[in-house]
Amino acid sequence: MSVKHYLLNKSLKKSKTYYDRSLPKDYASIRKEQAKQEKSITDVDISFISLKTSSYEYLSLENNDQDTLLIYIHGGGFIFGSSALRRSLTTFIVKDLKYNVASINYRLAPEYKYPTQIEDCLEAYIDIIKKYKNKNVFLIGESAGGNLVLALAMLLRDKKLPQPKGLILFSPVTQ
């Protein structure tokens, strides 16, 4: 082993942290702090749709492309994030790229275990395509949301449900 390799290895091990089950993180408090970062948006129409286990926001402008709908799934490591926290991206898509967006909220871990996240995305997707059935639908996700986009596309294929026109992934969590 080279000296550089040894020193790098030694320094990485010192900074390594371990999860201590006796001191779990207070995710609810962390999420409350994140919610303070939410921005109020006034120049985009936002509708809030609540479903049985999930919800989504429909962001739109009257002059946008009415033939295409982007369904956005947020990231956050499956434990953080929301449609509201990603409004800077979704409003950019609506205002600057001129596409309307449905932004899905799914139940977060660790309170809700897999597969609730993908089930929530499926529930929202089915509701969205029923309402906007004549549109070209694209799925967009970043990080954990990118993972959910891929998983949702495969689930739709397996269940023989209508497929999106395309997938757009930003740094998806994959293996």
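Biologist: Does Ser82 count as buried or exposed?

Modeller: In this predicted model, Ser82 sits in the loop between β3 and α3 (87–95). Its relative accessibility is 16%, and the cut-off for burial is under 20%, so Ser82 counts as buried.

Biologist: Which backbone nitrogen lies 3.2 Å from a polar atom of the side chain of Ser82?

Modeller: The side chain of Ser82, a residue of the loop between β3 and α3 (87–95), has a polar atom at 3.2 Å from a backbone nitrogen. The limit for a polar contact is 3.5 Å, and the residue that supplies this nitrogen is Leu85.

Biologist: Which element gives the most residues to the largest nonpolar core?

Modeller: The largest nonpolar core has 25 residues, and those with the most contacts inside it include Ile104, Tyr125 and Ile128. Two or more residues come from each of β2, β3, β4, α4, β5 and α5. With 7 residues, the element that gives the most to this core is α4.

Biologist: What length does α4 reach from its first C-alpha to its last?

Modeller: Helix α4 has 16 residues, for which 22 Å is expected at 1.5 Å a residue.

Notes: Residues are numbered from 1 along each chain as its sequence is written. This is a predicted model: local features need pLDDT of at least 70, side-chain atom pairs count only at pLDDT 80 or more; totals for chains, interfaces and linings use all residues. Side-chain values use heavy atoms; hydrogens and water are left out. Helices (H or I, at least four residues) and strands (E, at least two) are DSSP runs, numbered from the N terminus. The expected span of a helix is 1.5 Å times one less than its number of residues. A nonpolar core is a set of buried Ala, Val, Leu, Ile, Met, Phe, Trp, Tyr and Cys residues joined through side-chain atoms within 4.5 Å. Buried means under 20% relative accessible area, exposed over 50%, partly exposed in between (1.4 Å probe, protein chains only). A polar contact is a pair of N or O atoms within 3.5 Å; within protein, one must be able to donate a hydrogen and the other to accept it, and residues adjacent in sequence count only if both atoms are side-chain atoms.
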